[in-house]
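Me: Could you walk me through how to read helix packing and strand pairing in a protein model?

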Amino acid sequence: MALAREEVQRLRLAETGKYRALLAGIMRLARSGVPARGRALKDAYLLLARIEQDAPRTVAELVEAPQFGAWANDVLHQLRTPDEAGGRGTLEGDLGRLSLFAASAAIKNAYPLDMEVPLTDGTVSFPALGTLRLDAGPGRRWARVRQDCAAYRVQAGESGAPLPGALTRTRYWSPVPRVTVTERGLVLDVLLDGQDPFLDRYGAPRSQVGGAELDRWRRLLGEAWTLLAGRHPELATLVADTVRTVVPLASPAAVSGPASATEETSFGAIALAMPSDSLEMAESLVHESHHAIVGALTDLEPLISPGDQEFLGHAPWREDPRPPHALLHGVYAHHAMGRFWRAQCQEGAPADRQRARVRFGRLRRMLADAIPVLLNSGQLTEAGLDVLTPIAAEVAEWQAESLQEPGQ
C-alpha cells in the first residue's frame with residue numbers, strides 16, 4: 001500500500017505531537033521527587049518556550065528530531081518505573097538532556113545562554129549540531145555552556161573549550177555532517193549522526209564518519225538519490241518526507257549486528273551500515289523508511305489485536321519465528337523493496353537488470369509465503385487488514401509476471 005504524500009506528512013505531524021505529549025508528561029512527573037539538577041528541567045523548558053516565540057521553526061525542528069523522541073520516551077519510562085535499572089545514564093543526567101536541546105536552539109539563533117548541561121564520557125553532545133570533547137576528569141558529570149562576547153564556551157571545572165563560530169571541525173569540536181541532494185525537484189536532506197547518545201539504540205556499534213568514509217557516504221547517498229528521484233519518484237518522495245537522520249553503523253563484516261534498522265521511538269532516523277553500492281543504498285532507504293511508516297501508523301491506530309500474544313509466525317527473511325507486529329513490519333517493508341526491484345528489472349545495464357530480477361523473484365516468493373500467515377492468524381485489526389489487503393492483492397499479481405529478459 002503506497003501512502004500519498006499528504007498521509008505521510010500527517011503521520012509526521014502526529015509523531016511530533018506525540019513527542020510534545022511525552023514532554024508534557026515528563027514535566028508533570030518531574031515536579032517532585034527528582035534530583036536537584038533534574039529540577040533545572042524547568043529552566044530548559046522555559047528557554048525553549050522563549051526561543052519558540054522568536055524562532056518557531058528552530059524549536060520545531062529540534063522537537064521533531066528523532067533523538068528528541070528517543071530521549072522523551074526513555075526519560076518518561078524512567079520516571080514511571082524508577083525502581084527499574086537505568087539505561088544509558090543517571091535519571092538526573094537524562095533529565096538534564098533537555099538543556100542540550102535548549103542550548104542547540106539558542107546556538108542556532110545566537111540567543112543568550114547560561115546553563116548547566118550533562119557530560120557523557122567527557123563530551124557535550126548538542127543535538128543536530130555536533131559534539132564538544134573536553135579534557136574533564138572522568139568523574140565530572142556536568143559542564144556549563146554560556147555565551148561570552150557573542151561566542152559560546154563550555155566549561156567543566158578547569159577544562160573548557162569554545163564552540164567555533166561557524167561550527168566547523170576543530171580539535172575539540174566534531175560537527176554532525178549534513179548531506180543534501182536535489183534531483184528533479186526532490187530533496188534528500190539528512191544528518192549523518194553517529195554521535196548523539198540517544199541515537200545509540202540499534203543493536204550495533206555506530207561509526208562516526210569523517211574523511212574518506214564521509215566522502216563515500218556522500219557519494220552513495222547522492223547516487224542512490226539520483227536513482228530514486230529519477231526512476232522511483234513515489235518512493236523517493238516518501239523517503240524524503242520520512243528520513244531526517246541516517247545513523248552510520250559499523251560494518252557487519254567487522255562486528256556482528258544488523259546491516260540496517262529502525263526503532264519506533266525515534267521516528268525519522270534510520271541506521272545503516274555502509275552499503276556496497278548505490279543500488280543497495282537505494283534499497284536500504286526504501287526498506288527502512290517503510291519500517292518507520294508502519295511504526296507511525298501503529299501509533300495512530302492499532303494494526304494488531306491486543307488479544308493472543310503467544311502467536312508466532314514464520315517470516316521467510318528470518319530464521320526465528322516472529323510475533324504478529326514484527327511480521328507485519330517485515331511484510332510492509334519487503335513489499336516496498338519488491339516495488340523497487342520490480343521497476344529496476346527494466347533499468348540499467350544487463351547485469352543490473354539480472355540482479356533486479358533475482359532480487360524481485362526472491363521478494364515476491366517470500367511475500368507470497370508470509371502474507372497468508374498474517375491474514376489467517378486472526379491477529380489483524382480492521383486497520384491492519386486495510387493495510388495488508390491491497391499489498392496481498394498486488395503481490396498476488398506479481399506471481400504471474402515473467403522474470404525473463406524481454407525478447408528471450
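This is a predicted model: local features need pLDDT of at least 70, side-chain atom pairs count only at pLDDT 80 or more; totals for chains, interfaces and linings use all residues.

Me: What is the angle and distance between the axes used to describe?

Reply: Two packed helices are described by those two values.

Me: Which residues in H7 and H9 meet?

Reply: On the H7 side they include Trp217, Leu220, Leu221 and Glu223, and on the H9 side Ser278, Leu279 and Met281 are among them. By class, the contact has 11 nonpolar, 1 polar and 1 charged residues.

Me: Now the strands. In which sense do E4 and E5 pair?

Reply: Strand E4 (residues 142-148) pairs with E5 in the antiparallel sense, over 5 bridges. For a spot to look at, find Val145, which stands opposite Val154 in E5. The two strands form a hairpin with 2 residues between them, and Cys149 in the turn has a positive phi of about 55°.

Me: How many bridges join E5 to E6?

Reply: There are 4, and E5 and strand E6 (residues 159-162) run antiparallel. Arg153 has Pro162 in E6 as its bridge partner. This hairpin also has 2 residues between the strands, and Gly157 takes a positive phi near 65°.

Me: Which residues of E5 are on the covered face, and which on the uncovered one?

Reply: Tyr152, Val154 and Ala156 make up the covered face of E5 (residues 151-156), while Ala151, Arg153 and Gln155 make up the uncovered one.

Terms used:
Residues are numbered from 1 along each chain as its sequence is written. Side-chain values use heavy atoms; hydrogens and water are left out. Contact means heavy atoms within 4.5 Å. Ala, Val, Leu, Ile, Met, Phe, Trp, Tyr, Cys and Pro count as nonpolar, Asp, Glu, Lys and Arg as charged, and the others, Gly among them, as polar. Buried means under 20% relative accessible area, exposed over 50%, partly exposed in between (1.4 Å probe, protein chains only). Two strands pair if DSSP finds at least two bridges between them.
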